[in-house]
Amino acid sequence: MAETKALVYCGGGGIGDSLMASLVARALKQHYAGVDALTLPGHAAALQRVPDFDNVLVDDGRPEAALADEVKQHSYDAAVVTWATPRTARVPQLAKIPVRAGQSRRLYSFRFTHRVNVRSEDGDVTTHWSQILLDYARAIGCDTDRPFPAFVPNAGDEREAQSLLNELGVSRYAILHAANAAAT
């Protein structure tokens with residue numbers, strides 16, 4: 001694995017999309033010594049608590065060339081774009097990352113060296129989104145047998161949560177997650 005590095009560009013969608021994209025990072029860890037995230041400012045703090053990412057960069061909206069220059073300094077060997085837009089397709093290309101996996105069937109898909117058909121666009125309504133995202137990693141020879149996101153709150157997070165619970169007078173609570181379970 002030497003000093004190979006990969007980038008997961010999860011620069012779109014909601015926070016859940018970025019957290020699910022961390023599965024791609026786990027898969028990339030099979031072949032790359034380091035895996036970083038490039039994400040939106042509002043998602044950075046959450047992704048810093050994902051153990052599958054070594055570093056979190058922020059796409060703060062600056063011009064694409066400037067962002068690409070920053071990304072280029074990290075010398076990534078591969079990039080996986082989990083939320084394709086013209087910007088997220090251009091930045092890895094401008095950064096001269098040699099292997100770039102992203103969504104097919106878009107006007108800008110030519111910027112990816114590995115184009116992935118998104119199963120749900122073909123009518124698949126049963127495959128869990130975790131597996132659809134892992135198709136990007138599989139396109140460049142990576143996979144994981146643990147398709148579940150990991151999020152590790154730090155001590156400060158726990159103190160903040162306890163303080164909020166105390167302030168609200170809450171001693172018992174339940175957390176409901178209204179989503180499909182990740183398939184194994």
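A cavity here is a set of grid points where a 1.4 Å probe fits but cannot get out. By that rule, this predicted model has one cavity of 30 Å³ or more. Rolling a probe the size of a water molecule over the atoms shows where empty space is left.

Helix 1 gives the largest share, with three residues.

**The second largest pocket**

Elsewhere there is an open space to look at. The second largest pocket takes in about 240 Å³. Around it you'll find Phe151, Asp157, Glu158, Ala161, Gln162, Leu165, Tyr173 and Ile175. That lining splits into five nonpolar residues, one polar and two charged.

**The cysteines**

How many disulfides does a search of the whole structure find? The answer is zero. Cys10 is in no disulfide, and the nearest cysteine sulfur, in Cys142, is 16 Å away. Seen from the other end, the sulfur of Cys142 has Cys10 as its closest cysteine partner at 16 Å, and that is too far for a bond, because a disulfide needs the two sulfur atoms within 2.5 Å. Both residues are tucked away from solvent: Cys10 counts as buried at 1% relative accessibility, and Cys142 counts as buried at 2%.

**One face of helix 3**

Helix 3 covers residues 64-72, and its buried residues are Glu64, Leu67, Ala68 and Val71. Looking down the helix axis, these buried residues fall within an arc of 100 degrees, so they line one face of the helix. An α-helix has 3.6 residues a turn, so residues three or four places apart point the same way. What covers the buried residues of helix 3? The cover includes strand 1 (5-10), strand 2 (34-39), strand 3 (55-58) and helix 4 (86-94).

Pro86 and Tyr136 are 50 residues apart in sequence, while their C-alpha atoms are 17 Å apart in space.

Two residues stand out for their backbone angles. Most residues other than glycine have a negative phi. Lys96, though not a glycine, has a positive phi, and Arg105 likewise shows a positive value in a residue other than glycine. Where do they sit? Lys96 is in the loop between helix 4 and strand 5, which runs 99-103, and Arg105 is in the loop between strand 5 and strand 6, the latter being 114-116. Here they are side by side:

| Residue | Phi | Relative accessible area |
|---|---|---|
| Lys96 | about 60 degrees | 59%, exposed |
| Arg105 | near 65 degrees | 45%, partly exposed |

Technical notes:
Residues numbered from 1 in each chain as written. Predicted model: local features only at pLDDT ≥ 70, side-chain atom pairs only at ≥ 80, totals over all residues. Heavy atoms only, no water. 1 Å grid on protein atoms, 1.4 Å probe; cavity = no way out; pocket = protein on both sides within 12 Å on 5 of 7 lines; lining within 4 Å. Points joined across faces, edges and corners; volume = space filled by probe spheres on them. Helix = DSSP H or I, 4+ residues; strand = E, 2+ residues; numbered from the N terminus. Buried < 20%, exposed > 50% of the residue type's maximum accessible area, 1.4 Å probe, protein only. Arc of directions from axis to C-beta. Contact = heavy atoms within 4.5 Å. Nonpolar A, V, L, I, M, F, W, Y, C, P; charged D, E, K, R; others polar.
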